[in-house]
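This report looks at how a ligand is held and at the fold around it.

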Amino acid sequence: MIIGVVGAPNKGKSTFFSAVTMVDAAIANYPFTTIEPNRGIALVRSPCPHTKIGKQCTPKVGSCANGTRLIPIQFIDVAGLVPGAHEGRGLGNKFLDDLRAADAFIQVVDASGRTDLEGNPSTDGDPAEEVRFLYEELCFWMDGILSRNWNKIHGKGAAELADALTGLNISRFEIEHAASELSLPLTHIDWSDTQRLSFARKIFAKKPFVIVANKMDLDGSKENFEHMQEALSPKKVVPCSSAIELALRKAAKSGAISYLPGDPTFQLLSANDKQREVLSYMAEFLKLNNGTGVQQAVEAAVYGELGMIVVYPVEDEHHWCDNYGNVLPHAYLMPKGSTAHDLAAKVHTDLAKNFISAIDCKTKMHVGKTHALNNGDVIKIVAGR
Ligand SMILES: Nc1nc2c(ncn2[C@@H]2O[C@H](COP(=O)(O)OP(=O)(O)OP(=O)(O)O)[C@@H](O)[C@H]2O)c(=O)[nH]1
Ligand SMILES: [Mg+2]
């Protein structure tokens, strides 16, 4: 799964990205610090079922801390987008092609209002406007992809349209739904430019999207955040401070504190006096805001917008381990509604081909191919040879 970090320049995208991945990306207080994309791995939390069998798990990927499983997902941070990017302003929008495979987007907005839409210093930046223009630019980007492929789509049908959009994680169902809502025919496609753009808008409106009100540690952000919530309702906005999250994760890495991302507190370990002063300010922020909001934003994308559940495949239904004794070695993120057969296919194509049944290891009940999985399920797939 890939999450793309997007936004106007100088809003804190790379700070957010660095905080969640601990990749050392360039961060600076001017626009277009990032030009080439940054890629890294972040972790999402899920209660680990190992606590139910009283055995410590042995994850093959990710890790487990204090009964919380940490599951990896991919992140990509790109350059800033400015109004008119589709006409070549700023760095244009061609670089967004790096985001074609993104399953969800997180838009980082400067809630302090101290930067304008171009990322330059300002005293009255409107964070809600950042969200509106970015949506438009993303739609123009998708429209551009369609336009570049129009010779393969024009006069053809849904299959050719879907082909042009395959890399964008857009299903045939989404295409048909959007076209039908706009009464656009999907046979002998002969849409006008305006109709094509409306189609891109309709599709993009349904893309999993989380809006992050960043820089909440600065004065004036609270008022702007409230204004954003009102202006963008019913869309939820997640308040956060990427700068504080990054500082806390670095302090934890250096051994100065013990901190689990997402927690509203941390413990001091070996901080010096200077560090203690800064850390006490951060502790106050965490207390007032119930955490930095960064981990919450990532999980709002994965569990909220993308509707993922976590499922644990095992080979031994009694000891919840694989054939080598590794307890709960894998934790898979799967879309809500996934079946036992979908899980088999994810583990191995042969398991799906030779699927006989699945065992819900918590109840020891046998279930069939179409059984819908639940969050936290531990499942053994029974397959023939
Ligand atoms: N106070 C505060 N400053 C922040 C926060 N997040 C980022 N910044 C600062 O904002 C400036 C821009 O941060 P970047 O992460 O480089 O922003 P960006 O959106 O990646 O910028 P471009 O790559 O130029 O588009 C830097 O000076 C950061 O230190 C935050 O949560 N609070
Ligand atoms: Mg950047």
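## Polar contacts

A backbone N or O atom of Asn10 lies 3.0 Å from an oxygen atom of ligand 1. An N or O atom in the side chain of Lys215 is 3.1 Å from a ligand oxygen. Asp217 places a polar side-chain atom 2.7 Å from a nitrogen atom of ligand 1. A polar contact here is a pair of N or O atoms within 3.5 Å.

Alone, ligand 1 exposes 660 Å², and the protein buries 89% of that (Shrake-Rupley areas, 1.4 Å probe).

## Basis of the model

This is a predicted model: local features need pLDDT of at least 70, side-chain atom pairs count only at pLDDT 80 or more, and totals for chains, interfaces and linings use all residues. Residues are numbered from 1 along each chain as its sequence is written, chains are lettered from A and ligands numbered from 1 in the order written, and side-chain values use heavy atoms, without hydrogens and water.

## The shell

There are 23 residues around ligand 1 (a heavy atom within 4 Å). Lys13, Thr15, Phe32, Thr33 and Asp217 come nearest. By class, the shell has 8 nonpolar, 11 polar and 4 charged residues; Gly counts as polar.

Helix H1 (13–21) and helix H9 (242–253) each give two or more residues to the shell. H1 gives the most, with 3 residues.

## Overall fold

The protein has 13 helices and 14 strands (DSSP runs of at least four and at least two residues, respectively). Its C-alpha trace spans about 70 × 60 × 35 Å along the principal axes.

How values were computed:
Polar contact = N/O pair within 3.5 Å; in protein donor to acceptor, adjacent residues only side chain to side chain.
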